[in-house]
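Here is my note on the two-chain model.

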Amino acid sequence: MTLQVELVSPERILYSGEADMVVCRTVAGGEVAFLTGHAPFLAALETGVVRVKTGSGEEVAAVHGGFVEVRDNRVIILSDVAELAKDIDVSRAERAKSEATGDDEDAIEARKRADARLDAAKRAS
Amino acid sequence: MASGQERVLRRRIKSIQSTKKITRAMELIAASRIVKAQQRVAAARPYSEQITAVMGNLAAGGAGLDHPLLQERDPVRKVGFILISADRGLAGAYNSTVIRTAERALQAHQAEGRDYELTLSGKKAEGYFRYREYRIGDAFSGYAEVPSYEDARRVARAAMERYERGSGEEGGTDQVELIYTRFLSMGTQKVVNVRLLPMEREAIEDAAKAGDGPQAAYEFEPEPGQILERLLPRYVEGRVFAAMLDAAASEQAARQRAMKAATDNAEDLIKKLATVANKVRQAGITTEIMEIVGGAEALRLAKTGGKVDYFPETVLSRDLLVDHLDRSGAYR
């Protein structure tokens, strides 16, 4: 038995496939891992990394907010801003991080996003 | 005279031919872009379906529907409009139809004493309303043919922000209507006016009921109300995005049709003008022949002293008509 995973952005389905485990970060509860047979679950996601463990390896993506729904061994991750690790431009993320220096909300948010992208890129490599 | 007229006609034909080449190219480009735009519409569907399903599950899971984006306001003093038009023209009636629909809706609200606030997407809408000195709240442009989610988010946020402010404050609204062109098929596009805010509760309740079979007992994190609070703005953005994608596909379809009509018209015009030009040329030749024959006849009459010789052997037609019949110069 495997999980059926879909990572969906508003513009397209970024990833769709089978997996053994999915790990993501929710707003309230920190890291959550889903295995087959998980109880129905619905959560809001934090800016962070989503990891999809498959038999052959791992698919990593950075999400900036979004939602996860688990039900009947289907994991659906909805995120309005999501990027697969292989699509992440590391140098751009680094630049974004170094440019976001302020203490205001926007800068903190931008740093968080850049961190998530760098983290995702690092884990994937 | 005659040849001058002909030259003018030929010049017009040439200019129409080059116009035709351009419209034909635009027609083909638009046709290929429709396909891409439709693919974009299709690719965006899973997200909006899923987000609607999640919303249904949250409602079924006990999220209270008392979010401000769901609250009907009474009375409605100010209506916001999100109007989605194109950045470019040359798309037939595409822009004018959507703009006219919006203007009518706006005037209908005004007639009932409600004020308006415009959130415009696309250069064409902005140009129209600015020229007529309407008050424009926000205007966005530069992406109409290939809208990204980020573009939709900016527009949706601007409208939501005004809605949240409410009509009590400067620039705030009590209701938001979304006007765009829905892509029904290659041949049919329709301008629609849908209420965006407050959101129809029935839509959520229907989604809650549509949840497959007996509702699974979801575990929520954080509690459903808080998730819904985050989800509703995304849902509104998603609807604006879907509207923009539909509008982009409609724009290309309208442009393709308009350019096809233009190409066909150019073809007709070329045919008509070519006929006229040929007639003028023929008339010119005939006149010249008449002049030459007349001239030769006069000469001959003068030589023979008025005696008419109906079968002259000395004047051959090839001598008379050398300029007209013998283009190759073989007789010269």
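**Notes on the predicted model**

1. Chain B first. Chain B holds eight helices and six strands. Read from the N terminus, its elements follow the order α-β-α-β-α-β-α-β-β-α-β-α-α-α. Please keep in mind that this is a predicted model.

2. Burial and contact range. Chain B has 332 residues, and 32% of them count as buried. Take the contacts in chain B between residues at least 6 apart in sequence: 78% of these join residues at least 24 apart.

3. A helix pair in chain B. Two packed helices are described by the angle between their axes and the distance between the axes. Here the pair is α4(B), residues 149–165, and α6(B), residues 224–304; the angle is about 120° and the axes are 8 Å apart. Angles of 65 to 115 degrees count as roughly perpendicular and those over 145 as roughly antiparallel. The two helices are therefore oblique to each other. The crossing of α4(B) past α6(B) is right-handed.

4. Residues in that packing. From α4(B) come Y149(B), D151(B), A152(B), R153(B), V155(B), A156(B) and M160(B). They meet P233(B), V236(B), E237(B), V240(B), F241(B) and M244(B) of α6(B). By class, this contact has 10 nonpolar and three charged residues, with no polar ones.

5. The sheet. Which strands form it, and in what order? Six strands make an open sheet, ordered β2(A)-β1(A)-β9(A)-β8(A)-β5(A)-β6(B). The pairing is mixed. β2(A), residues 13–19, and β6(B) stand at the edges. Each has a single partner strand, so one side of each is left without a neighbour in the sheet. On average, neighbouring strands are turned by 10° against each other, direction ignored.

6. The β2(A) end of the sheet. β1(A), residues 3–8, runs antiparallel to β2(A), and six bridges join the two. These strands form a hairpin, with four residues between them.

7. The next pairing of β1(A). What is the sense of the pairing between β1(A) and β9(A)? It is parallel, over five bridges. One of the partnered positions is L7(A), whose bridge partner in β9(A) is I77(A).

8. β5(A) and β6(B), residues 219–221, run parallel and are joined by three bridges. Within this pair, F41(A) stands opposite E219(B).

9. The contact between chains. How many residues of each chain take part? There are 22 from chain A, in contact with 24 from chain B. On the chain A side, the elements giving two or more residues are β5 (41–44), β8 (67–71) and β9 (74–78). β5(A) gives the most, with four residues. By class, the chain A side has 14 nonpolar, three polar and five charged residues.

Key. Residues are numbered from 1 along each chain as its sequence is written. Chains are lettered from A and ligands numbered from 1 in the order in which they are written. This is a predicted model: local features need pLDDT of at least 70, side-chain atom pairs count only at pLDDT 80 or more; totals for chains, interfaces and linings use all residues. Two residues are in contact if their C-beta atoms, placed from the backbone, lie within 7 Å. Ala, Val, Leu, Ile, Met, Phe, Trp, Tyr, Cys and Pro count as nonpolar, Asp, Glu, Lys and Arg as charged, and the others, Gly among them, as polar. Two strands pair if DSSP finds at least two bridges between them. Axes are lines fitted to C-alpha atoms, for helices over the stretch in contact, and angles run from 0 to 180 degrees between N-to-C directions. Angles under 35 degrees count as roughly parallel, over 145 as roughly antiparallel, 65 to 115 as roughly perpendicular and the rest as oblique. A crossing is left-handed if the near helix is turned anticlockwise from the far one by less than a right angle, and right-handed if clockwise. A residue is buried if 20 or more other C-beta atoms lie within 10 Å of its own, exposed if 12 or fewer, and partly exposed in between; C-beta atoms are placed from the backbone.
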